[in-house]
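Hi everyone, and thanks for making time for this.

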Amino acid sequence: MSAKDYTISSTSELSRDHWDTIVIGGGIAGLVSAWESVKAGQATLLVESRGYVGGQVASMMVGAAHVDIGAESFAPRGTAVTSMAEELGLKVTAPGGGRSHYFLPPVPDSVQTTWGLHRFPSGSMMGIPSDPASAEVRAILGAQGAMRACEDLTLPPHVGAECADVASFIEARMGRATLDRLVRPLVAGIHSQDPEKLDVDRVLPGMRADLLHHKSLAKAVGARLEKSSGPRGDVSIEGGMQVLIDALTA
């Protein structure tokens, strides 16, 4: 592929014939890699084929509005994004109006007959409930779906621990309803991919080991939430995730 096929994003001289670091791809991983390289004093060249940066966290103009077209939020499972935002002088904020909602069709064993809004269950991570018997979870999964999710509490801990993708992992522990109605909408929205195509160690790093330690996925989620000192649930950068991309690019 020739050089003209790439958009070059760099504030350094483009005429130089030596670069300490060349980053291929201007998605979030490429931008962070280039940012870290520049902070380390490296002459850095970033190349991107699409004509814009951000990858799955990109933005564009829609009419007169500049909007996120990929991920518009993130789940603060660790401190990687929040600490980066702090260093860049950005503010992490939760959505206004309380917890976000799912908009879901009715389940067969529910009195609900039309699509409806359901709050994200409190005490959940990436849609995985720490209390699968809660009224919020039953309202979303229905009686049978919630009963199957509760089996996670008594299943042998090795069940699902060998699963490599998110969909298989969740379904093995908590059933299809938990996957389709709680986890899939959230994970697909954040990662722009179906859970069947996402590695569980990428989306939920360390969770398989936590499952074996706590003997249940629900208990593993609960333990993580107890340790978390930051915001819970989906959060974003004030002004949108595009602000993070703009700051990294600058």
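**A short tour of the model**

Let's begin with a pair of strands: β4 (residues 59-62) and β5 (residues 65-68) run antiparallel and are joined by four bridges. Two strands count as paired if DSSP finds at least two bridges between them. Within this pair, S59 has D68 of β5 as its bridge partner. The hairpin has two residues between its strands, and G63 there takes a positive phi near 65°.

Before we go on, a word on what you are looking at. This is a predicted model, in which local features need pLDDT of at least 70, side-chain atom pairs count only at pLDDT 80 or more, and totals for chains, interfaces and linings use all residues. Residues are numbered from 1 along each chain as its sequence is written, and side-chain values use heavy atoms, with hydrogens and water left out.

How confident is the predictor? pLDDT is its confidence in each residue, from 0 to 100. The protein chain has a mean pLDDT of 88, with 90% of its residues reaching 70 or more. The pLDDT is below 50 over residues 1-12, a stretch that has 20 contacts in the model beyond near neighbours in sequence. Contact here means heavy atoms within 4.5 Å. Where pLDDT is low, the predicted coordinates should not be read in detail.

Now to the inside. A nonpolar core is a set of buried Ala, Val, Leu, Ile, Met, Phe, Trp, Tyr and Cys residues joined through side-chain atoms within 4.5 Å. As for accessibility, buried means under 20% relative accessible area, exposed over 50%, and partly exposed in between, using a 1.4 Å probe and protein chains only. The largest core has 35 residues, and M126, I128, F169, I170, L204, M207 and L217 touch the most other members. At least two residues each come from β7 (101-104), α3, α4, α5, α6, α7 (207-214) and α8 (217-227). The largest share, six residues, is supplied by α5.

Which residues does I170 touch, if we leave aside its neighbours within four places in sequence? They are I128, G175, T178, L179, V183 and L217. Apart from this core lies another one, of 17 residues, with V23, V53, A85 and L90 among them.

Let's stop at V23, which sits in strand β2 (residues 21-24). V23 counts as buried because its relative accessibility is 9%. Beyond four places in sequence, V23 contacts G30, S33, A34, T44, L45, L46 and V47. Its C-alpha is 7.3 Å from that of S33, although V23 and S33 are 10 residues apart in sequence.

Back to α4. Its buried residues are V166, A167, F169, I170, R173 and M174. They lie on the same side of α4, because they cover an arc of only 165° around the axis, the arc being that of the directions from the helix axis to the C-beta atoms. The cover over the buried residues of α4 includes β10 (128-129), α3, α5, α6, α7 and α8.

Last stop: charges. The structure holds 12 salt bridges, each a side-chain nitrogen of Lys or Arg within 4 Å of a carboxyl oxygen of Asp or Glu. In one of them, D152 meets R173 at 2.8 Å, N to O. D152 lies in the loop between α3 (135-150) and α4 (166-174), while R173 is in α4, so the pair ties together parts 21 residues apart in sequence. Are these two buried or exposed? D152 is buried at 0%, and R173 is buried at 0% as well.

R184 has two partners to show you. With D180, the closest N and O atoms are 2.9 Å apart, and the two residues are four apart in helix α5 (residues 176-191), about one helical turn. With D194, the N to O distance is 2.7 Å. D194 lies in the loop between α5 and α6 (200-203), so this pair ties together parts 10 residues apart in sequence. Through shared partners, salt bridges join E171, R176, D180, R184 and D194 into one network.

Key:
pLDDT = per-residue confidence, 0-100.
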